[in-house]
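Hi everyone, thanks for coming.

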Amino acid sequence: MTTEPVITLRGVRAELGSRPVLRGIDLTVRRGEVVALLGANGSGKSTAVRTVIGQVPVTAGEIELFGAERRRFRDWARVGYVPQRTTAAGGVPATVTEVVSSGRLARTRFGLFRKADRKAVRRSLELVGMADRAKDSVDALSGGQHQRVLIARALASEPDLLIMDEPMAGVDLASQEVLAETLRTQVGQGATVLLVLHELGPLEPLIDRAVVLRDGCVLHDGPPPKAVGQHALPGHDHVHPHAPADAGPIRTGLLS
Amino acid sequence: MEILDYAFMQRALLAAVLVGVTAPAVGVYLVQRRQALMGDGIGHVAMTGVGLGFLLSWSPVWMAAVVSVLGAVLMELVRWHAKARGDIALAMLFYGGMAGGVMFINLAPGGSTSNLSSFLFGSLSTVSSSDVTAICVLAAFVVLVTVGLRRQLFAVSQDEEFARVTGLPVRFLNLLTAVTAAVTVSVAMRVVGLLLVSALMVVPVAAAQQLTRSFAATFAVAVAIGVSVAVGGTVTSYYQDVPPGATIVLLTIGAFILLTALAAPLARRRARALAAARPGADPAECSIPASRAADGKVGA
């Protein structure tokens, strides 16, 4: 297994308004890793992810994607991004297929869809179990179903790297399991994942490393923290029953 | 059809068809990105172009196109750079544009504010053949952009942040949307008038939404409504001697009300059809016996 870095942040600082939100973050995500970015509200975890995709400008430091400086990086088809659900709502109805098709644009020339592109959109809808809702309006979906659509949109370009901002927020239990399963499949195929999470929850068995932020600084970078409080309660177990205790994620496929 | 015997009516009807196509085609993206009033702002700015056209004796349509494109670019720049004070900057741009128009037209030899009224509210008899040429060229540009780049414009209008991560040139596409809207204002100016342009961009889209679930269908239905009301309004205006812009806008609003009234029973029928096609899946009601649900008397 290679250990080539896919995302590198070195001494990254960022401000929102004039308030410093990131105060010098170092973070490396290597090929095939699943890294969770944890922290309280306002700790800067979403901002950190948004600097990686270029949505928030950095005031100091360096960001690299797949070894290229972020500003020079052009191969966006390799990146699948799942924003917080609130950002994706238009004033005109759109079907599930139309929304997911946007995710395929990076693989097309001038936005012309071929048969293979339609197939890829269909496949990513099947991955999240939403193929039967393909022609429905996204407005008619529940929060969890909507989140599955946004993940399908990110998967439509068949990315090597998935960046997700709170994918489990406001998602019902059934959808959480579908999402965990989808993610497990992607990781099994060698995808690299950077997740912003409020709590580890059902994704815990998938996560290799947790980076905890507080006040814009890295507080912890290492194995995921032990479940405490209500997450350690016996009732928590039923959320991730698919993971065999001894099976580590398989890291072959796409990238190796 | 004696209406087609007159050259000025042929020109007016051609212009009406092009307006009916282009205004909702741009409007659907403006509504999607929740900038429904953008067309109105550009309409105000275009008045300076009309005034300049009179002053310099150039084609008011082309001058309006140039000035409103510049205004649209300026509006996009304001949107990028001035976040908090953006709306004040836009207000200054709009009213500056309007005042500029009134000023220039009064400076023009023999010009007075009354010359402006055919541009503000639309007028059929004044559509000249050079206007028609300009309208055709500009409309071709609008159709090319709104249809040719529909997937890109959809992605940017739906979720700008995500569009950036797919590598789309987001700023360029935003600018292109604004410029296309500005060009559409110049296309529609002669028939509907600058003050009523925005209605034809927004209301057909709102009306179409009452029936549709997809973006593609909304686009198609909005254009169909746009063409129908533009042609219908132009013909009515000819026979009844009423102003075309006002007639078109009132017809559009009528279409909106009609489709809104139709939407509720249609949605109920669609839900029933869905329930019949997928028995067991997603029951629409909470365990109401099938025999009662089928007669439509019970339900949400």
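Predicted model: local features only at pLDDT ≥ 70, side-chain atom pairs only at ≥ 80, totals over all residues.

Okay, here's the count: B:Asp241 has 7 C-beta neighbours inside 10 Å. The cut-off for exposed is 12 or fewer, so B:Asp241 counts as exposed. To find B:Asp241, go to the loop between α11 (215-240) and α12 (244-277) of chain B. There's something else about B:Asp241: its phi is positive, about 55°, although B:Asp241 is not a glycine.

Let's stay with chain B for a bit. Of the 300 residues in chain B, 48% are buried. And if you take the contacts in chain B with a separation of 6 or more, 72% of them are between residues 24 or more positions apart.

One helix I'd like to pick out is α1 (residues 7-32) of chain B. Just after α1(B) you come to B:Arg34, which takes a positive phi of about 60°.

Now over to chain A, where there's a sheet to look at. It's an open sheet of six strands, and the order is β6-β7-β8-β3-β9-β10, with mixed pairing. Which strands stand at the edges? Those are β6 and β10 (217-222) of chain A; each has a single partner strand, so one side of each is left without a neighbour in the sheet. On average, neighbouring strands here are turned by 15° against each other, direction ignored.

If you want one pair to look at, A:Val82 stands opposite A:Met164 in β7(A). Then there's helix α1 (residues 45-52) of chain A, which packs on the sheet and touches β3 (34-39), β7, β8 (192-196) and β9 (209-214) of chain A. The direction of that helix makes about 135° with that of β3(A).

Chain A has a positive phi to show you as well. A:Phe66 sits in the loop between β4 (58-65) and β5 (68-69) of chain A, and its phi is about 50° although A:Phe66 is not a glycine. A:Phe66 has 18 C-beta neighbours inside 10 Å, so it counts as partly exposed.

Last stop: where the chains meet. There, 26 residues of chain A are in contact with 27 residues of chain B. On the chain A side, the elements giving two or more residues are β6 (79-82) and α2 (96-102). Which of them gives the most? That's α2(A), with four residues. By class, the side of chain A that touches chain B has twelve nonpolar, eleven polar and three charged residues.

That's my tour, so over to you.

Conventions
Residues numbered from 1 in each chain as written. Chains lettered and ligands numbered in written order. Contact = placed C-beta atoms within 7 Å. Nonpolar A, V, L, I, M, F, W, Y, C, P; charged D, E, K, R; others polar. Buried ≥ 20, exposed ≤ 12 C-beta atoms within 10 Å, placed from the backbone. Pairing = 2+ DSSP bridges. Axes fitted to C-alpha atoms, helices over the stretch in contact; angles between N-to-C directions. Expected span 1.5 Å × (residues − 1).
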